[in-house]
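Dear colleague,

Please find below the structure for your records. My notes on it follow directly after.

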Amino acid sequence: MTILSFEDLRNKSLEENKSIYRIAEEEEALLSEITVDMVRIKVLEDLTAMKSAIKNGLKSTEKAISGWCGDDCDKLKKRYRVQGALFGKVFEKITAYALATAEENLRMGRIVACPTAGSCGIVPSVIVAVAEEKNIPETKQIDGLLTAGIIGLIVSNKVQLAGAVAGCQAECGVASSMAAGALVEMLGGSTDEILQAAALAMKNILGLTCDPVCGLVEVPCIKRNAFLGVHAVTAAELALCGVESKIPIDEIVDVLQRTGQLMSPLLKETSLGGLAKTKTALELEKVLFKQD
Ligand code: SF4
């Protein structure tokens, strides 16, 4: 990997007059010792798997073994069928697709971890919902996914993308940043607009803790996917009209990494703090593990 920072990425894009997705596919081809065409075929496979996860998730109401989750997407679909979402069709689809995918994950269905399983609904929901509503062709969706991929890859050079290392800011937060960049690419934005969208999404999710109830990737993880899909759209809209993050994205990644270090271990996937130690969570734990 010759690109270690967003500054490297921006410089290369501007100096060589290349889109971010082109750089991403060339880097991947180099790393994997395959052709760019083969990279795009593999990305299409991922995109297809994402779409299948959405489709399967939309059909199912099967609950997880805990019995807590699995039918939220269905509830949302029923509401939308009657009155539609306040913010229109794209919002409707992002929230439903994010829940559908995250619920497929809890059922042990096939999903694409992007960047992790817990945050698997964010990037697909944004790419697929916007593509459907704006008639964006498959090749542009692949460009979007490649853009998302290189954003995640660069962040992962500095921060391990795991709730256990840096909290949920490193999972759902980074996923939202990836989705924001993908969306700007799909809508024809420039290199700077893509990086601004990624920066704005990441900056506004710093400090997000990881406190899953009973250690299961269910509460708060599933619904968080829907929230952060919408968050990505906000970042993209702002970036596309020229709003900029005053703090450059590389510095935001540094803050994400340092915030992860400062975060108490109680809030990093140990389920020893936060939501996982509320009165209700402790009661759920007793029932789930049949404790006296
Ligand atoms: S709360 Fe923790 S386990 Fe759940 S998605 Fe976020 S990082 Fe992953």
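Among contacts in the chain between residues at least 6 apart in sequence, what percentage join residues at least 24 apart? The figure is 77%. Please bear in mind that the model is predicted.

As to secondary structure, the chain has 13 helices and 0 strands. Read from the N terminus, its elements accordingly run α-α-α-α-α-α-α-α-α-α-α-α-α.

Turning to overall dimensions, the C-alpha trace spans about 65 × 45 × 40 Å along its principal axes. The radius of gyration of the chain is 19 Å, which agrees with the value near 19 Å that a compact globule of 292 residues would have. Of these 292 residues, 48% count as buried.

One pair of helices deserves a separate description. Two packed helices are described by the angle between their axes and the distance between the axes. For helix H2 (residues 20-32) and helix H3 (residues 36-59), the axes come within 8 Å and cross at roughly 105 degrees. Because angles of 65 to 115 degrees count as roughly perpendicular, H2 is roughly perpendicular to H3.

Which residues form this contact of H2 with H3? On the H2 side they are Glu25, Glu26, Glu28 and Ala29, and these meet Val36, Val39 and Arg40 in H3. By class, the residues of the contact comprise 3 nonpolar and 4 charged, with no polar residue. Ala29 of H2 and Val36 and Val39 of H3 are the nonpolar ones.

Yours sincerely

Terms used: Residues are numbered from 1 along each chain as its sequence is written. This is a predicted model: local features need pLDDT of at least 70, side-chain atom pairs count only at pLDDT 80 or more; totals for chains, interfaces and linings use all residues. Axes are lines fitted to C-alpha atoms, for helices over the stretch in contact, and angles run from 0 to 180 degrees between N-to-C directions. Helices (H or I, at least four residues) and strands (E, at least two) are DSSP runs, numbered from the N terminus. Angles under 35 degrees count as roughly parallel, over 145 as roughly antiparallel, 65 to 115 as roughly perpendicular and the rest as oblique. Two residues are in contact if their C-beta atoms, placed from the backbone, lie within 7 Å. The radius of gyration is taken over C-alpha atoms; the globule rule is 2.2 Å times the number of residues to the power 0.38. A residue is buried if 20 or more other C-beta atoms lie within 10 Å of its own, exposed if 12 or fewer, and partly exposed in between; C-beta atoms are placed from the backbone.
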